[in-house]
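Trainee: Could you take me through a close look at one part of this model, the place where the two chains meet, and then follow it into the chain behind it?

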Amino acid sequence: MLSYIIRRVLLAIPVLIGVVTLVFLSLRLMPGDPALIMAGEAAPQEVVDRIRERLGLDQPLIVQYGIYMGSLLRGDLGESARTRRPVSREIGTRLPATMELAAASMAIAVVFGLLAGLISATRQYSLVDYGTMVGALIGISIPVFWFGLMAMWIFSVQLGWFPVGGRGTFRHLVLPAITLGAMSTGMIARMTRSSMLEVLRQDYVRTAHAKGLGERAVHMKHALRNALIPVMTLAGLQFGTLLGGSVLTETVFTWPGVGRLMVNSIMNRDYPVVQGAVLLIAVIFTAVNLLVDIAYSVVDPRIRYD
Amino acid sequence: MTENQKPTKKRSQRLISQVWRGLVRNRSAVVGLAMVLVLAIVGLLAPVISPYDPVRPVMRERLTPPTSQHWFGQDEMGRDILSRIIHGARISLTIGVVSVGVGMALGVPWGLLSGFFGGKLDLISQRLLDVLLAFPPIILVILVVTVLGPGLWNAMIVIGITSAPGYSRVVRGSTLALRDTEYVQAAQALGASNTRVILRHVFPNVMGPVVVLGTLYTATAILTAAGLGFLGLGAQAPTPEWGAMLSRGREYLRVAPHVSVFPGLAIFFSVLGFNLLGDGLRDAIDPRMRGVR
């Protein structure tokens, strides 16, 4: 078990190095001189030169890469071209908001997705099944930003039940979390249904029925636990969808998170912040999937012996 | 036509008619196909059927709600929303075709070579895949769009590039399985070159899942491009792209919600159509692919 975990963690390291390299290259491939952007168009040449020297931009690419890696290991993501504050602080102050939103959406997606999938699978081809699956398909197909706008128009502007935007109380969280969670709820519901239907056809489920166990015991004890395994992987992957979707949801609801910071930074050509945010999101996503993989091996010991 | 090509053609025709029968038996797939056809027809005939010029502003009629002359109302510059949505269908179709084309053109050969030759090539390609899949898709798109600059064409190409790992993964899996089949080994024993084996024996057999994935990715591409348009990173004004239209409408949500309602419905309609069709194709071609995406 422990050796499997160690192996998985070690395997994640080259992926992270690759992620950092890709982000670094994108920063350097950017059209325009970063030093000039930082100094401003009207800045005198010596100011631009000084910034270039300070950032190490006058060094060969490989040296720049070394400097970048070195500062990353110290937790230094560079400084914002706009505010001159460290990127890590810019992002750090907004990360809790994004994590709060992503966690709430994930909770909604897992609870409602699992419930909907379970109900659908145990009543296959019934009206409830069709209804649930149509709902899931709508969740997958609806543009998250439009869903957010419409929810805001109906429940905030027309009915006044929730604030129009911003963060603070629980009521601020409701609409953004439902909006962001809609797609993942649909995905998890569909996956739970098909996974559950597959498990319900297995011999051990028939055996459990044959020995006279009640419907509920068979579904909960024998079927659900096995059906959950692929759902877990999907939920891990959905966390990435949530982090990505948070860019749009945060923009709609003016939620002060990393996604909105990223969009604003693109508009302001504040590239160090964009790259820092992308890097952070990729690292969080990799870490979540690593945890899911490990959890997966705890639930299903067959995985470890691959 | 040589003689040995005839049976192949018959076989592929048989396969197509088999998939077609599977598709028409599936009610939701038929609905999806109809929706996609509506989108295609509207897109193709846009200049003919659109009642007004989609980009001509009529400032004194700005934000007018739906009327008998303007069924979907007028936007913040008095432009006819229905006409803009009709022209937007053409843009969405282009987004779907271009990004899926780019994704397939990169991802399919990548998966074929990686799966067929294995070894170091496969190892390197798998690690690259791991790195690309470590980014949530839209985040990777945003990163590359930041490098290339905003714009509709850049968005389409980037969405295509970032979908390539998805095709590569599916094609590699199928290729690995096919490599060990008897007919591929027989072809190799008869002295067929690798190129011939890949093109004639492996490639046609991996196309099923690729078509399914392509249909589902069309939905994702339309959704992502609209998202970029909404963020101001995709189509630029005055292009009647649905996401960009929504982003403008957002500013007038309180006074003129119709400006946001209709472009969103159009995106939803197209994405739903491609998702339904993709699900149906998957069930008709390969039910084991359930949950691939």
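Mentor: In this predicted model, 35 residues of chain B are in contact with 41 residues of chain A, where contact means that the C-beta atoms, placed from the backbone, lie within 7 Å. On the chain B side, the elements that give two or more residues are helix 5 (119-133), helix 6 (137-148), helix 9 (194-231) and helix 11 (258-285), helices being DSSP runs of H or I with at least four residues, numbered from the N terminus. That side divides into 23 nonpolar, seven polar and five charged residues, with Ala, Val, Leu, Ile, Met, Phe, Trp, Tyr, Cys and Pro taken as nonpolar, Asp, Glu, Lys and Arg as charged, and the others, Gly among them, as polar.

B:Gly232, in the loop between helix 9 and helix 10 (242-249) of chain B, is in contact with A:Met267, B:Pro150 and B:Ser247, leaving aside its neighbours within four places in sequence. Because B:Gly232 has 17 C-beta neighbours inside 10 Å, it counts as partly exposed (20 or more would be buried, 12 or fewer exposed).

Within chain B, B:Ile81, B:Ile85, B:Gly88 and B:Ser92 in helix 4 meet B:Val259, B:Phe262, B:Pro263, B:Ala266 and B:Ser270 in helix 11, and by class this contact has six nonpolar, three polar and no charged residues.

Residues are numbered from 1 along each chain as its sequence is written, and chains are lettered from A and ligands numbered from 1 in the order in which they are written. Local features need pLDDT of at least 70, side-chain atom pairs count only at pLDDT 80 or more, and totals for chains, interfaces and linings use all residues.

Technical notes: Two residues are in contact if their C-beta atoms, placed from the backbone, lie within 7 Å.
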